[in-house]
Amino acid sequence: MPPETPHNVGYLVAAYVVAPVILAGYLTALWGRVRRAEGRTEGRKDGRTERRKDGRVDGLEGR
Amino acid sequence: MTGSGSAASSAARALARRGLRISLAALLGLAGVYVLALRFTPVELRQGPAQKIFYLHVPAAWSALIAFSLVGVTSALYLWLHDPRLDRFAASSAEVGVAFSAVMLTTGPIWAKPIWGTWWTWDARLTLTLFLFFLFIGYLALRASVHDPEERARFSAVVGILGMLLVPFIHLSVYLFRTLHPQPVVLKPSAPSLPPEMLRTLLLSTAVFTLLYVGLVTLRYALALAEEARDEAADAA
Amino acid sequence: MAESLRLALAVAGKDIRAELRSRTALLSAVVFAALVLVVFNFARDPTALAATDLAPSVLWVTFALAAMVALNRAFTIEREHGALDGLLLAPLPRGALFAGKLLANLAFVGTVEAVTLPLFVLFFNVDLWRALPGLIGVTALATIGFVSVGTIFSAMAVRTRFAELMLPVLLLPFMVPPLIGAVQVTSRLLAGRPLSEMLGWLRLLALYDVVFVTLCTMTFSAVVDE
């Protein structure tokens with residue numbers, strides 16, 4: 001028998017959950033931003049100026 | 001104006017879809033990596049199952065490294081050529097790099113806790129990656145707070161170049177403290193010191209993470225295009 | 001070359017005169033540094049940690065924070081009075097302009113450091129006399145490096161929203177190598193260690209200065225020119 005193999009599956013599971021959550025979460029957010037940017041360009045084709053309902057200007061996102 | 005604008009936005013549209021497809025394919029590949037790593041790769045005897053975190057941590061670090069190196073290179077090229085594509089790419093790569101660093105900086109401590117017995121240690125490589133992370137958060141914050149696109153590109157290119165040169169200095173200065181981090185096991189002059197099954201899993205995972213980097217950067221680049229088209233339309237209106 | 005130097009000195013002289021006329025920024029930076037020292041003294045458990053063990057870190061964190069305050073001020077003044085636009089219209093080589101700004105900031109940060117040092121000796125009761133020449137040297141080496149990066153970043157930061165926040169966020173990572181080196185050298189100086197033990201760190205600090213002063217001089221025009 002080699003030296004005892006530690007039981008630390010919990011850490012393995014944690015890491016294997018965290019990593020795809022971050023990456024898929026980022027992908028989803030990115031896709032959402034793309035859709036929003038595209039939607040607003042479409043709106044302008046009718047010649048109307050579209051404003052976001054809350055009237056805010058994009059901050060951190062998208063720069 | 002509307003003609004060129006809509007042509008640009010439809011090109012952005014197509015690029016965004018391509019980026020999404022590549023990213024989704026890469027996530028599917030990640031599922032494959034999980035099967036390979038959990039089912040068909042032996043458990044390391046001394047470290048136990050937690051060693052398999054390595055198959056996510058190292059490829060994530062690899063992608064983050066590529067991302068940040070390319071930010072440095074494209075920043076330098078931007079100051080030379082003033083091509084807006086270079087700036088868009090640098091911005092995309094920086095953001096995607098931050099996402100990969102987040103994976104690296106979370107999986108790292110989760111591995112370190114059972115193996116080293118501590119979540120964090122001020123070892124050279126850990127400190128370096130942490131500061132790289134901060135540096136690029138600063139880079140993105142700067143981009144967010146400059147309004148004029150041309151000025152934003154110049155400022156962030158300067159930060160990108162300075163950041164690239166900062167890396168060896170942080171590494172050197174922190175290296176003079178004793179280092180705990182395992183030495184590189186694949187990219188070193190002698191033959192890789194990893195059993196073939198483990199190496200195979202690692203290489204597949206690295207390929208998948210590289211593909212994911214390509215997909216995410218493509219999508220983020222398309223986002224930059226779409227936003228520019230939107231802003232132009234807003235200016236025209 | 002001599003012409004550039006003359007122009008740089010003229011730019012620096014203008015800044016220093018403006019500062020001496022008002023003195024508010026200098027005074028507030030010095031008071032700020034003194035306050036940081038006082039806060040540090042109470043942030044330590046006197047039974048667990050001797051003041052001298054902590055001294056090098058306290059000194060350098062204080063220097064770093066005071067330098068940040070000083071740099072933030074430098075270009076804010078320019079912006080408020082629109083002075084930078086005037087300077088940019090003048091037929092000044094950008095390298096000389098940067099050198100002038102750098103010299104003015106160095107004079108400013110150096111003054112704050114020179115006032116902080118006696119306070120530090122007073123509050124922390126360290127015996128400095130033997131180490132003083134070395135300490136002045138290492139302070140100069142470390143300060144030149146991060147003030148040079150700080151000068152270019154503050155020129156950027158004033159043109160952004162949240163300028164006061166942007167400078168520390170951008171500059172702190174760049175302060176890490178000079179600060180680590182300076183703390184290491186300072187603690188060896190205070191312990192009276194031989195020069196050979198500090199040589200590696202001193203080389204690193206000097207290299208940092210050469211690389212970043214050169215790079216900042218080269219990229220400065222990308223920051224200020226439309």
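## Where chain B meets chain C

Keep in mind that this is a predicted model. In it, 29 residues of chain B are in contact with 31 residues of chain C. Together the two chains bury about 2600 Å², and 82% of that sits on carbon and sulfur atoms. Three residues stand out on the chain B side: B:Ser145, B:Leu162 and B:Phe169 supply 25% of the area that chain B buries against chain C, more than any other three residues.

On the charged side of things, the count between chain B and chain C is 1 salt bridge. A salt bridge joins the side chains of B:Glu151 and C:Arg159, at 3.0 Å from N to O.

## What chain B brings to chain C

Which helices of chain B each supply at least two residues of the side that touches chain C? Those are α4 (124-145) and α5 (149-175). Of the elements involved, α5(B) gives the most, with 16 residues. Sorted by class, this side of chain B has 22 nonpolar, 4 polar and 3 charged residues.

## Where chain A meets chain B

Over at the other interface, the contact takes 37 residues from chain A and 57 residues from chain B. The area buried between chain A and chain B is about 4100 Å², with carbon and sulfur atoms giving 72% of it.

Here the salt bridge count is 3. B:Glu95 and A:Arg33 meet through their side chains in a salt bridge, again given as N to O, at 3.0 Å. There are also 7 residue pairs in polar contact between chain A and chain B, both residues at pLDDT 80 or more. And the side of chain A that touches chain B? By class, its residues divide into 22 nonpolar, 5 polar and 10 charged.

## A closer look at B:Thr127

Back to helix α4 of chain B, where B:Thr127 is found. Is B:Thr127 buried or exposed? Its relative accessible area is 5%, under the 20% cut-off, so B:Thr127 counts as buried.

Who are its neighbours? Leaving out residues up to four places away in sequence, B:Thr127 touches B:Trp120, B:Trp122 and B:Val174. Then there is B:His171, 44 residues apart from B:Thr127 along the chain: the C-alpha atoms of these two are separated by 8.3 Å.

Notes. Residues are numbered from 1 along each chain as its sequence is written. Chains are lettered from A and ligands numbered from 1 in the order in which they are written. This is a predicted model: local features need pLDDT of at least 70, side-chain atom pairs count only at pLDDT 80 or more; totals for chains, interfaces and linings use all residues. Side-chain values use heavy atoms; hydrogens and water are left out. Contact means heavy atoms within 4.5 Å. Buried area is the accessible area (1.4 Å probe) that two parts lose on being put together, summed over both. A salt bridge is a side-chain nitrogen of Lys or Arg within 4 Å of a carboxyl oxygen of Asp or Glu. Helices (H or I, at least four residues) and strands (E, at least two) are DSSP runs, numbered from the N terminus. Ala, Val, Leu, Ile, Met, Phe, Trp, Tyr, Cys and Pro count as nonpolar, Asp, Glu, Lys and Arg as charged, and the others, Gly among them, as polar. A polar contact is a pair of N or O atoms within 3.5 Å; within protein, one must be able to donate a hydrogen and the other to accept it, and residues adjacent in sequence count only if both atoms are side-chain atoms. Buried means under 20% relative accessible area, exposed over 50%, partly exposed in between (1.4 Å probe, protein chains only).
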